[in-house]
Amino acid sequence: MKRYIALVDCDSFFVSCEQAENPDLLGKPVCVLSNNGGCVVSRSKEAKQVGVKMGEPYFLAKKAYPDVIYIYGDLQKYSKFSKKIMSCLKNFSSDVEQYSIDEAFIDITGTKKLYKKNYVEIAKMIREKIFEETQIPVSIGLSVSKTLAKLASDKAKDTGGLYVIGSAKINKILKETDIDDVWGIGKKLQIFFKRWGIYKCIGIINSSDEWLKKNLGIVAVRMKHELMGEVVSPVSNEVKFPKSIQNTSALKSFTTDKTILKQELSKHIHKSCVKIRKNGGTASIIGMMLRTKDFQVFYRKRQLDYPTNFEIEVSNNVMSMLDEIYQEGIIYRSTGVMLENIVYSDSRQQSFFEDEKLVKNRNLAKAIDKIEDKFGSNTIRIGY
């Protein structure tokens, strides 16, 4: 059965969230900076027009484009908008696969009878509904496989927000499309294909399955058939939780101050623990990192006796590792915390002596989460 898959991609997502919250920013050159203010991570179309580049360091952008409005990023705010958008999509179809914070695949096959509209009209309706509920503009690519829907969504940015690659249009599109523009083709694959004279996607289609499998493996064969309009990778609404979480950031200014390092590490610890608790996970390996001004990295990792998601336990271990690697007089530029070997079940074995402590910690963590749900993030901070 032919599938009809759309890739919904939010336009300049971080900037759009700021504009949705503050309409005075609409129509103005706006850039969102990384959470440490290091570089530009999202630009309004007006900021693009004046010349601000993605990833440009803030100190250079501010000097070159002083009239642009620069805003420090707020990932928690953007996550809330993302959840609203995903919720909106699930009202149209149960088959929604979130690809990133601002992108999702949605399989709308069979919804024509429900909405009494064709698939293009349904895609337009999804776009209008998301904007109505969130004030976030989105571009939608519609096609018959995820790879083609992704390709269509890239083209939708320049064609009014919606682009369709129907079955009859596939060969024409693939003859025009560079292999560099295809989802999943990285630098190594580009070099390989070009070495064999394959510069356009049609060249992949014209290659035999046997040749692709022999030289590149089964992944390349699947890519070929996705480009042909076959659903090799169906839209999956299965939630996949991460096996590890990493929170790192550059310091606002270089420092030798151990107290500042502790403050930054505490922020990472809290953010990481809240995230895995929401998914019902616990981590049994904790890591921490310091990077010096000269980009030298100091790293420690510790295996716990039993898994945890509680800030105080994580903090005790991280601060202990900090004591091991911190050196007075060394200038540091960034910090990081890693939680690894995360499991999402309560099937681990507990010792008799740990049970009471674990119950207390779990209850305290729940209390922290309830308070933050009611009064906002970072209402409570764990000391060190």
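In which helix is the place of Lys150? Lys150 lies in helix 7, which covers residues 146–156, in a predicted model whose local features need pLDDT of at least 70 and whose side-chain atom pairs count only at pLDDT 80 or more, while totals for chains, interfaces and linings use all residues. Residues are numbered from 1 along each chain as its sequence is written, and side-chain values use heavy atoms, with hydrogens and water left out. The secondary structure of the protein comes to 15 helices and twelve strands, where helices (H or I, at least four residues) and strands (E, at least two) are DSSP runs numbered from the N terminus.

**Overall dimensions and confidence**

- The C-alpha trace of the protein spans about 65 × 55 × 50 Å along its principal axes, and buried residues, meaning those under 20% relative accessible area, with exposed over 50% and partly exposed in between (1.4 Å probe, protein chains only), make up 46% of the 384 residues.
- The accessible surface of the protein comes to about 20,700 Å², of which 51% belongs to carbon and sulfur atoms; such areas come from the Shrake-Rupley method with a 1.4 Å probe, and for residues only the protein chains shown count as cover.
- Among the contacts (heavy atoms within 4.5 Å) in the protein with a separation of 6 or more, 61% are accounted for by residues 24 or more positions apart.
- The average pLDDT, which is the predictor's confidence in each residue from 0 to 100, is 90 for the protein, and 91% of the residues score at least 70.
- Over residues 347–354 the pLDDT stays under 50, and for this stretch the model has nine contacts beyond four places in sequence.

**Charges**

- The protein has 61 positive and 46 negative side chains, with Lys and Arg counted as positive, Asp and Glu as negative, and His and the chain ends not counted.
- The centres of the two sets lie 2 Å apart, when the place of a charge is taken as NZ of Lys, CZ of Arg, CG of Asp or CD of Glu.

**Cysteines**

- A disulfide is taken as a pair of cysteine sulfur atoms within 2.5 Å, and by this rule the count comes to zero disulfides.
- Cys10 is buried, with a relative accessible area of 3%, and its sulfur is 7.3 Å from the closest cysteine sulfur, in Cys17, which is too far for a bond.
- Cys39 is partly exposed, with a relative accessible area of 24%, and the closest cysteine sulfur to its own, in Cys31, is 11 Å away and likewise too far for a bond.

- Helix 1, residues 13–21, is largely enclosed by the rest of the structure, because seven of its nine residues are buried.
- The buried residues of helix 1 are Phe13, Phe14, Val15, Ser16, Cys17, Glu18 and Gln19, and what covers them includes strand 1 (5–10), strand 2 (30–33), strand 3 (40–43), strand 4 (69–72) and helix 4 (75–90).
- Ser12 is found in the loop between strand 1 and helix 1, where it is partly exposed, with a relative accessible area of 23%, and its phi is near 40 degrees, a positive value in a residue other than glycine.

**Other individual residues**

- Lys150 is buried, with a relative accessible area of 12%, and, leaving aside neighbours within four places in sequence, Lys150 is in contact with Leu7, Glu103 and Trp183.
- Lys116, in the loop between helix 5 (112–115) and helix 6 (119–134), is exposed, with a relative accessible area of 74%, and has a phi near 55 degrees, a positive value in a residue other than glycine.
- Val164, in strand 8 (residues 162–164), is partly exposed at a relative accessible area of 27%, and its C-alpha atom is separated by 24 Å from that of Thr134, 30 residues apart along the chain.
- Ile276 is found in helix 13 (residues 258–278) and counts as buried at 0% relative accessibility; residues up to four places away in sequence not being counted, Ile276 touches residues including Ile245, Thr308, Leu339 and Ile342.
- Ile276 and Phe310, 34 residues apart in sequence, are 9.7 Å apart in space, C-alpha to C-alpha.
- Thr292, found in strand 10 (residues 282–292), counts as buried at 5% relative accessibility and, leaving aside its neighbours within four places in sequence, is in contact with Phe298, Ile330, Ile331, Tyr332 and Arg333.
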